[in-house]
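Morning, everyone. Let me put the model on the screen, and then we will go through it.

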Amino acid sequence: MIALEVKNLNKRYMFVKALNDFSVTFEKGKIIGLLGPNGSGKTTLMRILSGLLQKTSGEIRFETKLKGKLLKQTVAYMPTESHLYPWMKVKQTINFYESFFAGFDRSKVLKAIEVLDLSPNATIKSLSTGQRGRLKVALTLARKAELYLIDEPLNGIDPISRDMILEMLASEVADDKCIVISSHLVHEFEKIVDDVIFIRKGRLELMGDAETLRNERQMSIHDLYKEVYKND
């Protein structure tokens, strides 16, 4: 089942095209790796799909026409930068998410922070980078949505936190949702993605089923990434 279809999407900033006739389909029931170096257009795409940025032209088709609150309820976006209020405690941040996002599963995130060894009484500013990364992913996945857009969740994260985040993401696969993870740390994500999308300078470079690409190219997705972007 299709979660989202993008056709000829363009985004221009003055004289720079961040997205250039970009077309892709995201299917439910899958974890999709959106791959490319910094500046390739990954974050721009995610911000447009989440309603935070206006497209220049092109079509974005969900199952139903979405806008405003309905779009926010259907698409859960996690930016790569820290967006949590540093003065809040973890439990206050959970309360904030619950009040702001319809369908937020409080019990789910409470269980997650226990597994992730995060204290509800700790302030955001007292958490390590890895702990904040774990919390961000837990909060995002506790939202009731059909499309989850996770932007560079492993940037600056320690190995233990990386494993925890990957386990969380892998455990969320379901027929009624699609999870899109953007990253240039391909080696880390390769074991959990079903499909991969390579984007270069705002254009679709290559896409397909991860296992099929591995068999056809006789190389890992990590090595394929290096092959695709070797001249960049």
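Ground rules. This is a predicted model: local features need pLDDT of at least 70, side-chain atom pairs count only at pLDDT 80 or more, and totals for chains, interfaces and linings use all residues. Residues are numbered from 1 along each chain as its sequence is written, and side-chain values use heavy atoms, with hydrogens and water left out.

Terms next. Helices (H or I, at least four residues) and strands (E, at least two) are DSSP runs, numbered from the N terminus. Two strands pair if DSSP finds at least two bridges between them. Axes are lines fitted to C-alpha atoms, for helices over the stretch in contact, and angles run from 0 to 180 degrees between N-to-C directions. Contact means heavy atoms within 4.5 Å.

Start with the sheet of 3 strands. It is open, ordered β2-β1-β4, and its pairing is antiparallel. The edges are β2 (16–27) and β4 (57–62); each has a single partner strand, so one side of each has no neighbour in the sheet. Twist averages 10° from one strand to the next. Strand β1 (residues 2–13) pairs with β2 over 8 bridges. Within that pairing, Val 6 stands opposite Val 24 of β2. Helix α1 (residues 42–49) lies across β1, β2 and β4, at about 115° to β1.

Now the other sheet. It is open too, with 6 strands in the order β5-β6-β7-β3-β8-β9 and mixed pairing. At the edges sit β5 (75–78) and β9 (203–209), each pairing on one side only. Here the twist averages 15° from one strand to the next. Strand β8 (residues 195–200) runs antiparallel to β9, with 6 bridges joining them. Asp 195 has Asp 209 of β9 as its bridge partner. Helix α8 (residues 210–217) lies across β8 and β9, at about 95° to β9.

Last, the helix pair. How do α3 and α4 cross? The axes of α3 (residues 90–100) and α4 (residues 106–115) come within 10 Å and cross at roughly 155°. The two are therefore roughly antiparallel (angles over 145 degrees). The crossing is right-handed (the near helix is turned clockwise from the far one by less than a right angle). From α3, the contact uses Val 90, Ile 94, Asn 95 and Glu 98; from α4, Arg 106, Val 109, Leu 110 and Ile 113.

That is the tour. Over to you.

Notes: Parallel < 35°, antiparallel > 145°, perpendicular 65-115°, else oblique.
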